[in-house]
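Please keep the model open while you read this note. Each point below takes up one part of it.

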Amino acid sequence: MKMTVIGGSAACPNPGDAGSSYLITHDRFSLLLDCGPDSISKLRQQTRLRDIGAVVISHLHSDHTLDLVPFRYGLRYIPGGRGERIPLWMPPGGRAFLDQLGRVFALGGEANEPFFDTEFAIDEYEPDMPFVVGPYSISFMPTRHFIDCWAMRIRAGGRDLAYLADSAPIDALVDFARDADLAICEATLPIDGAGSPENSGHMTSAQAGEIAQRAGVRHLVLTHRWAEHDIEESVREVRATFAGAVTIAASGVQVIV
């Protein structure tokens, strides 16, 4: 299983990067986790849009969903012909979210057809029920964020990847990521930004490292970062709490799980 960072930025894409998005490949099946702003241009540097086998969205904030719009336009209009609809798995409430968003863009000749349904086979996953997509088994866990958000545990080829999505540091993430070969964990906050109510849905790199260390994670990818936060300082912070391998997420970074 290979993980390619499509985007590792926080709420606004960093220079040269994109919003949260991660490409997982195994047995020639490509799975896209989240689709934040600017991610489609970065994704097209790695693969054809039509080669994506399925998309799974962690939550409905725009920095994880906004490029579903250009994704849809690409599938419909990129030269070479249209193909079968790509499975798009949304969290609970995602169907209504896409319907509302689609009405904003369904203009002109497209106004009388469902906007996203023409190119995506849309369904909502049930967070209490693991399911199989291609070679991947996926299970979910609710995080602590400003809206409903789900971490994902993905297993393929005897390897485990834990995508912890957006969350404050909570003990449940430790159990969810237990013994994962790779964990993708946000590090949005500066070390002195933890604890304030307005930051209660995110964590620092040190907190991400502590979760990974307690869980016995082998390799930690720090993501959902601001370019304004010094990379070397973030690495020092995570090294104070985590003894395993550390990678900083940025578009194009790849890790073999």
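**Notes on the model**

1. Start with R82, which counts as partly exposed at 46% relative accessibility. Here buried means under 20% relative accessible area, exposed means over 50%, and partly exposed lies in between, with a 1.4 Å probe and protein chains only. Keep in mind that this is a predicted model, where local features need pLDDT of at least 70, side-chain atom pairs count only at pLDDT 80 or more, and totals for chains, interfaces and linings use all residues. Residues are numbered from 1 along each chain as its sequence is written, and side-chain values use heavy atoms, with hydrogens and water left out.

2. What does the side chain of R82 meet in a salt bridge? The partner is E119, at 2.6 Å from N to O. R82 sits in the loop between α2 (68-77) and β5 (86-90), and E119 in the loop between α3 (94-105) and β6, so the pair ties together parts that are 37 residues apart in sequence. A salt bridge here is a side-chain nitrogen of Lys or Arg within 4 Å of a carboxyl oxygen of Asp or Glu. E119 counts as buried, at 0% relative accessibility. R82 and E119 also belong to a network of salt bridges that links them with R50 and R76.

3. Step back to the whole chain. By the salt-bridge rule, the count comes to twelve. The chain has six helices and 14 strands. These are DSSP runs, numbered from the N terminus: helices are H or I with at least four residues, strands are E with at least two.

4. Now the overall size. With 257 residues, a compact globule would have a radius of gyration near 18 Å, and the chain has 18 Å, which agrees. That radius is taken over C-alpha atoms, and the globule rule is 2.2 Å times the number of residues to the power 0.38. The C-alpha trace spans about 55 × 40 × 35 Å along its principal axes. Of the 257 residues, 54% count as buried.

5. Look next at D181, which has two salt bridges to note. With R159, the side chains meet at 3.2 Å, N to O. R159 lies in strand β10 (residues 159-163) and D181 in the loop between α4 (171-176) and β11 (182-186), so this pair ties together parts that are 22 residues apart in sequence. With R218, the closest N and O atoms of the bridge are 3.8 Å apart. R218 lies in the loop between α5 (205-215) and β12 (219-223), so this pair joins parts that are 37 residues apart in sequence.

6. R159 is partly exposed, with a relative accessible area of 38%. R218 is partly exposed too, at 48%.

7. Check two backbone angles. Most residues other than glycine have a negative phi. D27 has a positive phi, near 50°. D27 is in the loop between β2 (21-26) and β3 (29-33), and is exposed at 61% relative accessible area. A165 is not a glycine either, yet has a positive phi of about 55°. A165 is in the loop between β10 and α4, and is buried at 3%.

8. Where is the negative surface patch? D192, D230, E232 and E233 form it. Patch residues have over 30% relative accessible area and no salt bridge, and like charges are joined within 9 Å. Asp and Glu count as negative. One of the four, E232, lies in helix α6 (residues 231-239). E232 is exposed, with a relative accessible area of 57%.

9. Finally, two pairs to find by C-alpha distance. I256 and M1 are 255 residues apart in sequence and 6.2 Å apart in space. I256 lies in strand β14 (residues 254-256) and counts as exposed, at 66%. Y125 and G93 are 32 residues apart in sequence and 9.9 Å apart in space. Y125 is in the loop between β6 (120-124) and β7 (131-133), and is buried, with a relative accessible area of 3%.

Key:
Patches are made of residues with over 30% relative accessible area and no salt bridge: like charges are joined within 9 Å, nonpolar side chains (Val, Leu, Ile, Met, Phe, Trp, Tyr) within 5 Å. Accessible areas come from the Shrake-Rupley method with a 1.4 Å probe; for residues, only the protein chains shown count as cover. The place of a charge is taken as NZ of Lys, CZ of Arg, CG of Asp or CD of Glu.
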